[in-house]
Amino acid sequence: MNSPVTLASLDYSILQQCMHCGMCLPTCPTYDATKNEQHSPRGRISLMRAIADAQLTPTPAFGEEMSYCLGCLACESACPAGVDYAHLFETARADVERAGALDHPLRKGMRWLTLGFLFTHPRWLRGLGRLLWFYRAIGLQRMIRDLGIPRWLPKNWRDLERMTPVIRSKFSHQLIRPVEIPRTKPKYRVGLLTGCVQDLV
Ligand code: SF4
Ligand code: SF4
């Protein structure tokens with residue numbers, strides 16, 4: 001927890017740009033949901049500045065707060081002072097990681113499984129997508145919901161179950177050939193990134 005924080009090495013003009021006017025508050029979805037100053041852009045910037053000033057350290061509570069921010073940057077567009085929230089936010093999140101403030105074996109495992117493995121191995125990701133598609137297609141999802149089984153799950157799992165993505169019956173690689181030959185004389189060559197999860201959902 002005592003590793004040097006990068007927030008402290010930022011140009012201080014970035015950290016003190018916020019004039020606490022509150023113009024960003026109505027645009028922030030997390031503030032809108034909780035009406036808690038800590039969950040607002042202004043509150044988060046104050047926390048970041050306190051870290052930079054060595055009044056606070058990147059604690060788990062700070063890490064949770066940085067994770068709770070969606071990074072949508074709606075606040076940045078609304079800010080009349082031109083606060084560089086993206087720069088602050090990215091630096092703060094990097095500090096949270098560097099300090100290991102949110103370290104937990106389950107979190108590490110899930111990150112490895114998703115970011116380190118599934119998203120970098122399209123075949124495995126598509127295999128998982130196919131399983132999810134099957135789960136829905138044979139009516140298992142509906143049956144589990146009708147029986148009220150999600151009620152017995154822990155809250156986080158229950159929330160996740162509700163968000164189970166609707167998987168397409170065909171994925172991009174089945175719909176788009178690796179190279180499409182135009183019928184007329186080609187004018188330009190275009191590359192299309194099919195992405196990872198959006199390829200399935
Ligand atoms: S709008 Fe900009 S200056 Fe005003 S409180 Fe929000 S971040 Fe600070
Ligand atoms: S990035 Fe989005 S969620 Fe985060 S403080 Fe700004 S408006 Fe709120």
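In which helix is the place of Glu 65? Glu 65 belongs to helix 4, residues 60-68. Helices here are DSSP runs of H or I with at least four residues, strands are runs of E with at least two, and both are numbered from the N terminus. The structure is a predicted model, in which local features need pLDDT of at least 70, side-chain atom pairs count only at pLDDT 80 or more, and totals for chains, interfaces and linings use all residues. Residues are numbered from 1 along each chain as its sequence is written, chains are lettered from A and ligands numbered from 1 in the order in which they are written, and side-chain values use heavy atoms, with hydrogens and water left out.

Glu 65 has a relative accessible area of 3%, so Glu 65 is buried. Buried means under 20% relative accessible area, exposed means over 50%, and partly exposed lies in between (1.4 Å probe, protein chains only). The side chain of Glu 65 makes a polar contact with the side chain of Gln 38, at 3.1 Å. A polar contact is a pair of N or O atoms within 3.5 Å; within protein, one must be able to donate a hydrogen and the other to accept it, and residues adjacent in sequence count only if both atoms are side-chain atoms.

The protein chain is divided into two parts, domain 1 (6-99) and domain 2 (105-199). These bounds come from an automatic or database domain assignment. The C-alpha centres of domain 1 and domain 2 are 32 Å apart.

Two ligands are considered next. Ligand 1 is surrounded by 13 residues. The closest are Cys 18, Cys 21, Gly 22, Cys 24 and Cys 79. A residue is near a molecule or strand if one of its heavy atoms lies within 4 Å of it. The shell around ligand 1 holds ten nonpolar, two polar and one charged residues. In this scheme Ala, Val, Leu, Ile, Met, Phe, Trp, Tyr, Cys and Pro count as nonpolar, Asp, Glu, Lys and Arg as charged, and the others, Gly among them, as polar. Ligand 1 sits in the largest cavity. A cavity is a set of points, on a 1 Å grid over the protein atoms alone, where a 1.4 Å probe fits but cannot get out. A molecule sits in a cavity if more than half of its atoms lie within 2 Å of its grid points.

Ligand 2 takes the space of the second largest cavity. Around ligand 2 there are 13 residues, of which Cys 28, Arg 44, Cys 69, Cys 72 and Cys 75 come nearest. Helix 2 (29-34), helix 3 (41-52) and helix 5 (74-78) are the elements that give two or more residues to this shell. By class, the shell around ligand 2 has ten nonpolar, two polar and one charged residues.

Helix 3 also holds Met 48. Met 48 is buried, at 0% relative accessible area. Thr 91 has its place in helix 6, residues 85-99. Thr 91 counts as buried because its relative accessibility is 9%. A polar atom of the Thr 91 side chain lies 2.6 Å from the backbone oxygen of His 87.

Most residues other than glycine have a negative phi. His 20, in the loop between helix 1 (12-15) and helix 2, has a positive phi near 60°. His 20 is partly exposed, with 46% relative accessible area. Ala 54 also has a positive phi, near 60°. Ala 54 is placed in the loop between helix 3 and helix 4. With a relative accessible area of 66%, Ala 54 is exposed.

Arg 168 lies in the loop between helix 10 (155-162) and helix 11. Its relative accessibility is 54%, so Arg 168 counts as exposed. Arg 168 and Ala 33 are 135 residues apart in sequence and 31 Å apart in space, C-alpha to C-alpha. Val 179 is found in the segment after helix 11 (172-175). Val 179 counts as exposed at 56% relative accessibility. The C-alpha atoms of Val 179 and Asp 84 are 41 Å apart, and the two residues are 95 residues apart in sequence.

How values were computed: 1 Å grid on protein atoms, 1.4 Å probe; cavity = no way out; pocket = protein on both sides within 12 Å on 5 of 7 lines; lining within 4 Å.
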